[in-house]
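Here are a few notes to read alongside the model.

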Amino acid sequence: MRSKDQRLQGWPLDLRSLRAAGIVLPLLFLIAVDLLRHTIFFGQLHTFSGFFGTYTVTALAVVVFSFSIFSFITKLQNRIVDQNRQLSALNDIAKAAAAKPRLEELLEASLDLILSNMKADAGLICLVDLEREEHSAVSHRGFSEEMVRRLQRAKFGNTPIALKVVRTGQPVVWEHVFEDPQVAERTRREGMKSGITAPLKSEGQVNGLLAIASRAERHFSSTDREFLEGIGGQLGMAIRNASLYEQSETQNRELSALIAVGKAATSTFDLGELLEKSLDVVIELTPADAAEVWLREGEELALRCHRGAHREAFLEQTRFQVGQGFPGIVAQRRETLVVHNLPDDPRFLRQDVVKAGFHTFCALPLRYQDKLVGVLAVAALSPEAIQEAREIRLLESIGEWLALSIESTRLYQQVQEIAVVQERERLAREMHDGTAQLLGYINTQTMAVKRLLSSERLGEAQEELTKIEAIARDLYADVREGILGLRIAARRQDGLLPALREYVERYREMSGVTVELDAEADDKSLKLSDAVEIQLIRIVQEALTNVRKHSKASLAKVSFQRSSGDLRVTILDNGRGFDLARLPSTGWPRFGLQTMRERAEAVEGTVNIQTAPGKGTKVEVRVPLLRD
Ligand SMILES: Nc1ncnc2c1ncn2[C@@H]1O[C@H](COP(=O)(O)OP(=O)(O)OP(=O)(O)O)[C@@H](O)[C@H]1O
Ligand SMILES: [Mg+2]
């Protein structure tokens with residue numbers, strides 16, 4: 001605050017020269033008076049008028065001199081008082097800033113302190129956006145609302161004083177409002193006569209403006225300027241801190257938005273659900289009031305999902321040709337398109353959306369590698385929304401996530417479809433080659449029995465009928481087990497073990513074989529993919545069917561063991577076993593063991609059978625567990 005130049009306002013000398021003058025001048029004066037008395041006025045020295053004149057001049061000189069000295073001291077005193085007051089105001093502002101209040105609160109409180117300190121009538125603090133060359137009033141006293149409103153996102157170019165302060169980084173004083181061409185007309189209309197505009201700076205960069213004005217013409221001293229410069233440093237730093245804080249908050253918000261979309265996008269393979277969840281996150285975490293995803297279908301774009309406000313309006317048109325409407329244009333150019341004046345943009349074709357009051361629309365391509373998957377679009381009612389480059393960057397990052405998830409959902413769907421087709425083929429083959437052949441056999445044998453009966457060969461007919469009966473019984477059991485298996489597989493939402501337990505329960509009733517189900521791992525820790533669960537149930541089912549059909553066992557055991565990333569399921573029976581290398585001929589095609597292996601291989605698992613005649617059979621299935 002203390003300047004090296006100690007010259008006081010209105011005084012041509014600095015302190016040191018004054019001190020010298022205070023000693024030299026009285027001496028010079030006394031010498032001059034004495035010289036005059038002994039030269040020019042020597043003759044009148046002893047007259048009354050001469051005597052009186054000399055002393056009058058001396059007395060007058062003493063009075064003038066003392067008056068000047070005292071006036072100087074008073075000014076000096078005032079200056080010190082002013083400086084003290086300003087120092088204490090600065091101190092107050094520094095203390096307030098240290099308490100880290102919201103920036104607006106700090107600026108409000110500081111403006112009050114500055115105005116009362118400088119005895120000014122009006123004050124204004126603006127934040128400066130150097131990138132956009134704009135300034136916006138954030139705190140004001142004594143100016144009309146109209147003027148403050150005009151100072152929202154106002155270009156410096158239109159305010160010469162603001163421009164000068166930002167360019168030079170120095171305060172600009174305007175003491176005679178009518179003579180100063182820099183002063184804006186609106187300031188004159190506010191009735192202000194004098195003022196000063198000072199920069200708020202941090203690290204040499206202007207990030208705000210502080211304007212002080214008074215209704216009467218006044219002088220702003222160098223102390224005032226110094227005071228405002230000091231304040232400019234304090235508030236400039238507070239503005240910088242607030243903007244850094246806001247930046248890091250925004251980054252955090254953007255990061256959590258990305259994480260949230262990532263979570264939503266990877267939480268499901270259902271495309272509809274995935275889009276709904278992701279768009280809900282977009283609406284929650286960005287200024288968008290509505291969001292939609294268009295998917296490319298050949299040369300068209302189809303609206304696949306809409307979330308947020310005014311759904312009906314957005315559904316006015318749900319298909320666009322590539323090149324047509326906003327989604328079509330974005331699909332064609334493969335570039336982000338943002339507008340804030342929807343009502344005036346002839347390229348936007350959905351009038352209901354305009355009528356609903358939307359002004360901002362941002363559409364961006366969803367690309368996976370070089371392929372255009374679709375278009376993500378967000379809309380906002382306010383024309384002010386989505387103005388910043390980083391908001392658009394965030395939407396583009398969300399778009400990348402979405403494109404990737406949409407593509408992986410499609411791939412998953414394809415894999416599922418292939419799996420479903422394979423399963424259908426397996427079932428069809430089992431039905432056709434197994435059940436259908438048996439039914440065919442029963443049919444031909446029934447006709448043979450008919451012939452035997454008509455030629456009254458009753459004994460043979462009886463024999464054939466017994467065979468047919470056994471086959472039909474087996475077939476009946478097979479079909480019932482098959483149906484039970486299909487039902488259980490479809491109802492495995494509750495988990496694998498409950499589904500298997502139910503199967504074993506019913507199997508026991510139907511087959512009369514005792515089955516123990518022993519699960520070492522508890523159900524919750526057994527995490528298998530859907531495909532693995534289905535194949536596993538079918539394998540266990542076939543193994544148990546074989547126990548019923550071939551083993552003559554009294555007891556079977558199904559057990560589960562977890563071993564490093566795999567699940568081992570063993571189906572053990574105490575039956576007669578068989579020679580794997582030489583399967584006894586039944587005259588019927590066999591699929592069970594072969595299909596069991598195929599099913600395990602389809603999910604990257606294996607089946608191992610240990611058996612020998614008279615030694616029972618152990619079927620060991622190994623399938624991969626899902627990684628946590
Ligand atoms: N647990 C078992 N105990 C005794 N023999 C068995 C057992 N499992 C299978 N086998 C023998 O292995 C053969 C082949 O079984 P596989 O399941 O492939 O055919 P299938 O049961 O005869 O006919 P499908 O399963 O097609 O209805 C059976 O015919 C049977 O002789
Ligand atoms: Mg079988």
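**Notes on the model**

1. Strand 15 (residues 566-573) and strand 17 (residues 617-624) run antiparallel and pair over 8 bridges. Strands here are DSSP runs of E with at least two residues, helices are runs of H or I with at least four, and both are numbered from the N terminus; two strands pair if DSSP finds at least two bridges between them. Across this pair, R568 stands opposite R622 in strand 17.

2. A word on the basis: this is a predicted model, where local features need pLDDT of at least 70, side-chain atom pairs count only at pLDDT 80 or more, and totals for chains, interfaces and linings use all residues. Residues are numbered from 1 along each chain as its sequence is written, while chains are lettered from A and ligands numbered from 1 in the order in which they are written.

3. The pair belongs to an open sheet of 5 strands, in the order 13-14-15-17-16 with mixed pairing. Strand 13 (514-519) and strand 16 (606-611) are its edges, each pairing on one side only.

4. Zooming out, the chain splits into domain 1 (15-92), domain 2 (102-248), domain 3 (267-409) and domain 4 (487-624), with bounds from an automatic or database domain assignment. The C-alpha centres of domain 1 and domain 2 are 43 Å apart.
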